[in-house]
Amino acid sequence: MDELPPQLTAQEEGSHPYLVMKDQKPPIITKAIDALHRHKDEFFKKYGEEGTEAEKKAISLLSKLRNELQTDKPLLPLHDDWVDTDIWNQYLEDQHNLLNENDKKISWFQSSWLYVECYLYRRIHEALVLRFGPGGALAGDL
């Protein structure tokens with residue numbers, strides 16, 4: 001066998017990957033948003049206005065992520081300074097080059113389902129790290 005089979009994607013309506021990305025993943029992001037919102041008073045008590053702003057920014061980033069997924073937007077490079085950021089961005093670029101050869105876009109429903117699943121959780125991690133982790137508003141308090 002010289003050629004790999006096509007990657008499993010969420011582009012076919014009704015398929016398992018499609019239903020997972022359409023119906024299961026947005027509520028996961030919503031639960032993360034809700035969890036942050038439920039703790040907003042704690043953020044304020046412990047960190048003052050800086051904690052409140054960090055919570056709002058993280059919620060904003062997660063809301064943007066949910067919209068990108070639901071509207072099949074292109075996958076974006078990561079912007080945090082975590083140890084694996086360069087590896088994720090290089091893989092994203094490699095996927096972009098590979099899909100462009102076949103006139104496909106790298107997006108939530110067009111790209112490899114396994115990659116997009118992992119990328120989703122890495123983006124959730126990024127939203128929290130940018131606001132609460134190294135270099136974020138509350139660095140060192142995770």
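## Helix packing and aromatic rings in a predicted model

Tyr115 and Tyr119 both lie in helix H5, four residues apart, which is about one turn of the helix. Helices here are DSSP runs (H or I, at least four residues), numbered from the N terminus. The model is predicted, so local features need pLDDT of at least 70 and side-chain atom pairs count only at pLDDT 80 or more, while totals for chains, interfaces and linings use all residues. Residues are numbered from 1 along each chain as its sequence is written, and side-chain values use heavy atoms, with hydrogens and water left out.

Tyr115 and Tyr119 form an aromatic pair that is tilted, at 5.9 Å centre to centre with 35° between the planes. Rings of Phe, Tyr and Trp (its six-membered ring) pair if their centres lie within 6.5 Å; planes under 30 degrees apart count as stacked, over 60 as edge-to-face and the rest as tilted. By this rule there are five aromatic pairs. Ring pairs link Trp88, Tyr91, Trp108, Tyr115 and Tyr119 into a cluster.

The table lists residues that count as buried (under 20% relative accessible area, with exposed over 50% and partly exposed in between; 1.4 Å probe, protein chains only).

| Residue | Relative accessible area |
|---|---|
| Tyr115 | 7% |
| Tyr119 | 1% |
| Ser112 | 12% |

Ser112 lies in the loop between H4 and H5. Leaving aside neighbours within four places in sequence, Ser112 is in contact (heavy atoms within 4.5 Å) with Gln7, Leu8 and Thr9. The C-alpha atoms of Ser112 and Gln7 are separated by 5.5 Å, although these residues are 105 residues apart along the chain.

A nonpolar core is a set of buried Ala, Val, Leu, Ile, Met, Phe, Trp, Tyr and Cys residues joined through side-chain atoms within 4.5 Å. The largest one has 30 residues, of which Met21, Ile29, Leu62, Leu75, Trp108 and Tyr115 touch the most other members. Helices H1 (16–38), H3 (49–70), H4 (85–101) and H5 (113–132) each give two or more residues to this core, and H5 gives the most, with eight residues.

H1 and H3 pack at an angle of about 175°, with their axes 9 Å apart. Axes are lines fitted to C-alpha atoms, for helices over the stretch in contact, and angles run from 0 to 180 degrees between N-to-C directions. H1 is therefore roughly antiparallel to H3, a term for angles over 145 degrees. Among the residues that meet are Met21 and Ile29 in H1 and Leu62 and Leu69 in H3.

How values were computed
Parallel < 35°, antiparallel > 145°, perpendicular 65-115°, else oblique.
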